[in-house]
Amino acid sequence: MTVRTRFAPSPTGYLHVGGARTALFNWLFARKHGGVFVLRVEDTDEARNTDEARQAIFDGMNWLGLDWDEGPGTGGDYGPYYQSERKPVYDEWFKKLLDSGRVYEDGGAWRFRFERKPVTMQDLVCGEVTIDYRDESNTPDMVVKRSDGSYVFHFVNVVDDLEMEITHVIRGEDHLMNTPKHLQLIEAFGGKAPQYAHIPLILNPDGSKMSKRDAGAAVGDYPKQGFLSAAVVNFISLLGWNPKTEREIFTLAELAECFSLGNINRAPARFDLEKCKWVNQQHLLGVSVADFAAAAQPFVVAAGLPIAENYLEVIAAVKDKVRLFGDVPAAVDFMLQDDFSFDEDALAKARGNASAGSLLAALAVRFSGLSEWSGDAAKAALNETALAAGAKPGQLMFPLRVALSGRAHGPDLGDILSILGRERCVTRLRALAGQL
RNA sequence: GACCCGUUCGUCUAUCGGUUAGGACUCCAGGUUUUCAUCCUGGCAAGAAGGGUUCGACUCCCUUACGGGUCGCCA
């Protein structure tokens, strides 16, 4: 029997990390077992569906690299994959319920009559869970068909899982209490229930439920901030699941290899954006300068910075120092244009060195006299300047860095000197020397 | 309120009865780097509480507390 999993989002908002992780786990499980991953759009609530939300799902899935074997745009033998197009199928299954007397009319809607007994499920994550349906107050008969003739989630979800021969349902823990309802429906249909795995929810750093407005919640925001999809996938995979090794950095393919439902935790995890950024930096380390430069360019342009001829050189100088592509503009602005700001603390620290002004002025003179310009030549000039003044080269480096970049941190000084070129260096040295 | 799931450093987690409770992020301190960053080393920091069971419990059981989830003609 081939494994068939599905991700069944409803297009009522943006794809959020919780949904993305659910999709990811279903995808990983299918890939791990050479199975089929189905994307099914649960758009039965016409009032709340939007085209933007539908597109956000596709965009998010594509960006994450979670391709679906069956679903919108791909096709498959179990379609259509939009529930809004499956009314005839539901009518057919509803008739089974009608014929067997398991539904009754209530105010124009149809309710499914639960069997009043304890219902036990075997969850792959939560283990054995029993809900007692003899307590009617806690488990009222559920509406399966609205008075307007449309069907509700529980009904279509179960019918489609049966119709599409889904073998494993991996979904958020918010569905745990729904499962006995689904099991009762499946039993009434005489169908074979899929195996269920309810994964813990993702919470905000403060422990509150992560909703769509919270920071880090919308998958669509990650590319905007300059995250690598591989890093986001890597990070969210580790929320509530672990590979049982101390390794933390994985590619999607590597995750698919070692993924196992048995290694999923039961407790909800909080979302730590800082660690997500660290994971991103780890993935960034493996990206080539050319690819990095191409990916960072939109951010640089959006910040209003010019793409200079030596753009690649500029990127190479900062590539291993940033965590996000979104951090690039602020890290390279002083190398791409002459308009940059001075950090007050850095300036204050430079002023703390009484001889900084004269040293910088002397260095400007020496730079001007250099027959050839290069980062090494400039550094040699720096050493000579310092020695001539009876100072240590190190004393000159900080003021020089501030003069050239306006800040205390940045790329290697040799890189900066080389990238800026003689004229700019001299100009900036004189400018700061005059202020100290 | 009822029902369900859960509870190891601030955060993500390892531990399938016997460990100095390990790793990672963050933070701090050293070292390397003539500078910045990377990097290396070290440090801070945890079994919610109380009862059992057991020679022995973070691990099993119960109670309490706390957190999350669910109780729709939403999904």
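Two residues are in contact if their C-beta atoms, placed from the backbone, lie within 7 Å. The structure is a predicted model, in which local features need pLDDT of at least 70 and side-chain atom pairs count only at pLDDT 80 or more, while totals for chains, interfaces and linings use all residues. Residues are numbered from 1 along each chain as its sequence is written, and chains are lettered from A, with ligands numbered from 1, in the order in which they are written.

View 1. Gly 191 sits in the loop that joins α5 (179-189) to β9 (195-199), helices (H or I, at least four residues) and strands (E, at least two) being DSSP runs numbered from the N terminus. Leaving aside residues up to four places away in sequence, Gly 191 touches Leu 162 and Ile 186. A residue is buried if 20 or more other C-beta atoms lie within 10 Å of its own, exposed if 12 or fewer, and partly exposed in between, with C-beta atoms placed from the backbone; because 16 other C-beta atoms lie within 10 Å of Gly 191, this residue is partly exposed. From Gly 191 to Glu 274 the separation is 83 residues in sequence and 46 Å in space, C-alpha to C-alpha.

View 2. The expected span of a helix is 1.5 Å times one less than its number of residues, so the 14 residues of α10 (residues 289-302) should span 20 Å, in agreement with the 20 Å between its end C-alpha atoms. Gly 304, with a positive phi near 80°, follows α10.

**View 3. The surface near RNA strand B.** RNA strand B is surrounded by 60 residues, the closest being Gly 107, Lys 209, Ala 267, Pro 393 and Gly 394, where a residue is near a strand if its C-beta atom, placed from the backbone, lies within 6 Å of it. Among the elements that each supply at least two residues of this surface are β6 (127-132), α9 (273-284) and α17 (413-433), whereas the largest share, five residues, comes from α16.
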